[in-house]
Amino acid sequence: MPIKDGKRYCVNHPAARMNRTGTFKALVNIDGSSADGKINPNSGLVVMPFVCDECGYLELYVADRAQQETK
Ligand SMILES: [Zn+2]
């Protein structure tokens, strides 16, 4: 999505701000044994999702980088 003055806008709605979801999420690799189904929680990536209220477009930023930007 375009970032103007530190604010994120939807690719479909250039005038619509995108809103952060309430919490960070994680993309988790399925690392380990498929036989026992255990997932290593250290194998993932913490992300900060942004959603357009109008169309539901979703975009993810890596959390530790996104925190450095203005909201
Ligand atoms: Zn949109």
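The protein has six strands and one helix, where helices are DSSP runs of H or I with at least four residues and strands are runs of E with at least two, numbered from the N terminus. Reading from the N terminus, the order is β-β-β-β-β-β-α. What you are looking at is a predicted model: local features need pLDDT of at least 70, side-chain atom pairs count only at pLDDT 80 or more, and totals for chains, interfaces and linings use all residues. Residues are numbered from 1 along each chain as its sequence is written.

Now for the overall numbers. Of the 71 residues, 10% count as buried. The cut-offs work like this: a residue is buried if 20 or more other C-beta atoms lie within 10 Å of its own, exposed if 12 or fewer, and partly exposed in between, with C-beta atoms placed from the backbone. Two residues are in contact if their C-beta atoms, again placed from the backbone, lie within 7 Å. Take the contacts between residues at least 6 apart in sequence, and 40% of them join residues at least 24 apart.

**Strand β5 and its partners**

Strands are said to pair if DSSP finds at least two bridges between them. Strand β5 covers residues 45-52, and three bridges join it to β3 (residues 18-20) in an antiparallel arrangement. Within that pairing, Met-18 sits opposite Cys-52 of β5. β5 also pairs with β4 (residues 25-27), antiparallel again, over three bridges. Here Lys-25 has Val-47 of β5 as its bridge partner.

Then there is β6, which pairs with β5 in the antiparallel sense over five bridges. In this pairing, Pro-49 stands opposite Leu-60 of β6, and Val-47 stands opposite Val-62. β5 and β6 form a hairpin with five residues between them, and Gly-56 in the turn has a positive phi of about 80°.

Which residues does Leu-60 touch, not counting residues up to four places away in sequence? They are Val-47 and Pro-49. Leu-60 lies in β6, which spans residues 58-62, and it counts as partly exposed because it has 13 C-beta neighbours inside 10 Å.

Leu-58 is also in β6. With 12 C-beta neighbours inside 10 Å, Leu-58 counts as exposed. Leaving out residues up to four places away in sequence, Leu-58 touches Pro-49 and Val-51.

Over in β4 you'll find Lys-25, which is partly exposed because it has 14 C-beta neighbours inside 10 Å. Its contacts, leaving aside neighbours within four places in sequence, are with Val-47 and Pro-49.

As background, side chains in a regular strand alternate between the two faces of the sheet.

**Two loop residues**

Thr-23 lies in the loop between β3 and β4. Thr-23 is exposed, since it has 8 other C-beta atoms within 10 Å.

Asp-5 is in the loop between β1 (3-4) and β2 (7-8). Asp-5 is not a glycine, yet it has a positive phi of about 55°. Is Asp-5 buried or exposed? It counts as exposed, because 5 C-beta neighbours lie inside 10 Å.

**Some C-alpha distances**

| Residue pair | Apart in sequence | C-alpha to C-alpha |
|---|---|---|
| Leu-60 and Val-47 | 13 residues | 6.1 Å |
| Lys-25 and Met-48 | 23 residues | 6.3 Å |
| Thr-23 and Met-48 | 25 residues | 7.5 Å |
| Leu-58 and Asn-19 | 39 residues | 9.7 Å |

Met-48 is listed with Lys-25 at 6.3 Å and with Thr-23 at 7.5 Å.
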